[in-house]
Amino acid sequence: FRASACLQPSRYGPRSGRHFFLRRGGPCRHPGMHEGRRIPVMKVACIAFCGLCLSTRGSEMGSGSATEQALLLQRRLGSRKSQLLDRFVQAMDNRVSMSDGVDGAPPVNVSFDLAVNSLIQFDQQAGRATWSVYYRLYWNDDRLSYNGTREFGTSWSSRDCVRVQSSAVWTPDAVPFRGGSVGLEGEEPLCVYDDDFLRANGYNAFWTRDGEVHVPCEMNFQGFPFDSQQCTFVVGPWLDRSYYFRSKHEGNVSRPFAGAFHSEEWEVRGAWMESTAEDHVNGQFQEVHYNMVLRRYPHFLLVNAVLPMAVVVTLSTMTLWLPIEGGSGERLGFSVTLLLTIMATALFTAEFRPATREDTWLDRYQAICICLTFFPVFESVVVVWLQHILERVSDLEEEDRLLTQLPSGSTADGGRLPEKAEDSSRLIKSARRARKATFRMRMIVLWLQKIPSLEYLVTGKRSSAGFNPRSIDMGCRYFACCLNLATAVVVVGEIPDDAVGSVSVACCSTFSRCCWVSSSSSVGLRCSVTGNTSAAGG
């Protein structure tokens, strides 16, 4: 009121407090100037304050009533669930199943399902895989029957269930065979569905547990690193034969996780479940076999072992094109270095190969690479040795020819024999015999000259030089090339068809990596040369 008008007391006095005059226009300087209309200000303020209080109280009462109703409904549902659980416990003997020892009782059908989350570990030496799984059991039990709509009202859905502790009701004794488990022994609660769900799905009890299982695998490393391993997880009743045990999903079950369930080393190639009956010491029991096939990713060993060895074998074949006259040391050193490189690669990758009692594909491949790399070393030694004998025999024959042309009493350097030896022909003959090649060298050269050369076998024309170390070297070149090609065909033929794509990818990645390194090196070299040139020009 102070912003737009001025209040002044009424005629009843300044302390009556009954009414006030509201003066419009300007500031109020003294009473009696301009009288306005009467407004009961205090009454209006009191009424507004009371209305505000009443509205606040009403909202609090409304919210309080809604909260109380929710709490009341929750208590009512909780009490109904408690009563239902008490009824389950009273009607249940958790030691026996519904049909155990009861004539005319409906059979109990227990279904098993396994959801594999991840592959935690694969111990190749022990032949055991560790999986992270959801272990699920489904069965029907009339002692857990109830009507959800009648018990909990119209808000009940057919997907809703009542949680019951597993220790309070009967549960199947289906356990894993031929392996251990971790985390499946806990008393996890199970879901109990109503009668409508039982009629629609065939079960009203669902029990799932999260844990780890150790699965035995039949290891076969003949195709390593292109090998595939099969692991079988067996589940069945331990002692109770009062219920039918079968798998929930027969046949292939790898589709839900085949694209996502894998590790950095293994890939799931397939998984399937089958129900069977096995005979044991205490009778015949129904079992479920969960089979999974795992295939190894060979990329690591291809890039770090297989392809480097193939490159070294190719380089060792090129050793046969090096000259044998004057460069025998470089040729032998190069071939021996490549052989040692192959052996070093085999030793460095030994820790990544499984210790088996049989040869694997990688073992056979490494043995073939060592033999192909050793062949140029052996051939170089033989050819250099034969070339040395041939040159030695040729030099000795030349010296013998010169000795026969010398006059009596002269030496090959133009001097004279001592006077005591001039009359003795025996000393001259001994000198000539010393100049001659040994009988073994002569026989080797003669044997080489009798062997037909490669040119004679191809064209039919006998060469004047005959069979010499050069022709041996040339024949070994063609033989080594043909041998490498034939070996490559045999080795590649042993690779499974589904692993050929991995080999192609590894080859392409290695080739692209080499191209990138070479291009980077050339760019760096070009930059360094340009920088040096500009610095020299400056």
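The model is a predicted one, in which local features need pLDDT of at least 70 and side-chain atom pairs count only at pLDDT 80 or more, while totals for chains, interfaces and linings use all residues. I also wrote down that residues are numbered from 1 along each chain as its sequence is written, and that side-chain values use heavy atoms, with hydrogens and water left out.

I then looked up where Glu379 sits, and found this residue in helix H6; helices (H or I, at least four residues) and strands (E, at least two) are DSSP runs, numbered from the N terminus. Leaving aside neighbours within four places in sequence, Glu379 is in contact with Leu320, Arg331, Ile472, Asp473 and Cys476, where contact means heavy atoms within 4.5 Å.

**Annotated spans**

From the unreviewed UniProt entry I took the annotation "transmembrane region", which covers residues 300-322, 334-353 and 365-386; UniProt positions are given in the numbering used here, feature names are shortened, and annotations may be inferred rather than shown by experiment. For residues 365-386 I found 100% helix and 0% strand, with the end C-alpha atoms 32 Å apart. For residues 334-353 I found 75% helix and 0% strand, with the end C-alpha atoms 29 Å apart.

**The disulfide**

I searched for disulfides, that is, pairs of cysteine sulfur atoms within 2.5 Å, and found one in the structure. Cys217 and Cys231 form this disulfide, and their sulfur atoms are 1.9 Å apart. Cys217 belongs to strand S10 (residues 205-218) and Cys231 to strand S11 (residues 228-237), so the pair ties together parts that are 14 residues apart in sequence. The torsion about the S-S bond of Cys217 and Cys231 is about 100°, so I recorded the disulfide as right-handed. I noted Cys217 as buried because its relative accessibility is 10%, and Cys231 as buried because its relative accessible area is 0%.

**The pocket and the cavity**

I next looked for spaces on a 1 Å grid over the protein atoms alone, where a cavity is a set of points where a 1.4 Å probe fits but cannot get out, a pocket is an open set with protein on both sides within 12 Å along at least five of seven lines, and lining residues have an atom within 4 Å of a point. The largest pocket holds about 430 Å³ of space, a volume being the space filled by probe spheres set on the points, which are joined across faces, edges and corners. Of the 21 residues that line the largest pocket, Ala310, Tyr365, Ala488, Val491 and Val492 are the closest to its centre. H4 gives the largest share of this lining, six residues.

I found one cavity of 30 Å³ or more, and the largest cavity holds about 30 Å³ of space. Its lining consists of Thr317, Leu372, Phe375, Pro376, Ala480, Leu483 and Asn484, and H6 and H11 are the elements that give two or more residues to this lining.

Key: Buried means under 20% relative accessible area, exposed over 50%, partly exposed in between (1.4 Å probe, protein chains only).
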